[in-house]
Amino acid sequence: MLHGLDMSPLQLVPVLRSLKLPALIALPSGPVERGAGRRGWWPVDDAVREARLRAGPADLHDSHPPGREPARRVVHAAARELRERAPGLPLIVVGFSQGAMLALDCVLQSPPLAVDALALWSASRLAFSEWGPAMHRLRGVRVDLVHGRADPNLGIAAGRALRDALVAEEARVRWSPFDGGHEIALRAWVGLRRLVAEVAAASGPDFSAPNTNPGGRLP
């Protein structure tokens with residue numbers, strides 16, 4: 001699970017513990033220190049970001065932020081460790097906001113991260129001229145999209161555009177808008193529980209093998 005900008009992975013722990021997911025869970029930390037324990041996945045110019053927010057909800061499809069490579073390395077390392085601890089089990093990557101865009105960046109950039117499912121909360125396309133040629137990698141992959149209709153940061157139109165791009169490549173998209181803003185809504189947590197159950201059922205009886213540890217790797 002990949003946190004959003006100006007968050008700490010620790011903020012996600014209480015709800016994850018309450019969900020009691022039948023899975024090993026990794027909560028990697030973004031490599032960019034933002035102060036007061038807050039992290040980011042790549043450097044952000046706060047003045048530019050504030051100006052963008054004042055201008056209204058955005059779609060970041062034409063944004064190409066530098067510094068994504070170190071973030072991708074962190075995610076690949078976390079995925080590799082999980083696969084070493086639980087070989088043969090499916091991998092679900094969950095992300096909120098900047099973390100959701102990073103999840104897609106890891107799948108669509110080289111070397112591509114192979115995933116069994118994605119849960120993307122409050123996401124937008126990013127660097128789409130880079131992503132577009134690789135979108136076929138998501139064909140047949142379950143992708144849950146959860147987005148607030150009143151999101152003042154990444155507008156609902158950005159979420160719909162991401163949905164449409166995924167559908168065009170025949171990803172198995174479930175679109176769940178909610179009445180709210182740029183936040184991790186209850187619908188996202190409920191949807192994650194459902195997604196894990198679906199992936200578990202599709203993976204067969206070996207999903208509950210002895211080397212799994214519900215809630216593992218939580219701080």
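Predicted model: local features only at pLDDT ≥ 70, side-chain atom pairs only at ≥ 80, totals over all residues.
Residues are numbered from 1 along each chain as its sequence is written, and side-chain values use heavy atoms, with hydrogens and water left out.

We can start with the sheet. Four strands form an open sheet in the order β3-β4-β5-β6, with parallel pairing. At its edges are β3 (92-96) and β6 (172-178), each of which pairs on one side only. Here, strands (E, at least two residues) and helices (H or I, at least four) are DSSP runs numbered from the N terminus, and two strands pair if DSSP finds at least two bridges between them. Strand β5 (residues 142-148) is joined to β6 by seven bridges; within β6, Phe-178 is the bridge partner of Gly-148. Helix α4 (residues 98-108) lies across β3 and β4 (117-121), running at about 150° to β4. For such angles, axes are lines fitted to C-alpha atoms, for helices over the stretch in contact (heavy atoms within 4.5 Å), and angles run from 0 to 180 degrees between N-to-C directions.

On a 1 Å grid over the protein atoms alone, a cavity is a set of points where a 1.4 Å probe fits but cannot get out, whereas a pocket is an open set with protein on both sides within 12 Å along at least five of seven lines; lining residues have an atom within 4 Å of a point. Grid points are joined across faces, edges and corners, and a volume is the space filled by probe spheres set on the points.

The largest pocket has a volume of about 420 Å³. Its lining has 21 residues, and Trp-42, Val-44, Arg-49, Arg-52 and Leu-60 are the closest to the centre. Helix α2 gives the most to this lining, with three residues.

Three cavities of 30 Å³ or more are found in the structure. The largest cavity holds about 490 Å³ of space, and of its 27 lining residues, Ala-23, Leu-24, Leu-82, Leu-91 and Ile-92 are the closest to its centre. Helix α3 (68-85) is among the elements that each supply at least two lining residues, and α3 gives the most, with five. This lining divides into 25 nonpolar residues, one polar and one charged. Ala, Val, Leu, Ile, Met, Phe, Trp, Tyr, Cys and Pro count as nonpolar, Asp, Glu, Lys and Arg as charged, and the others, Gly among them, as polar.
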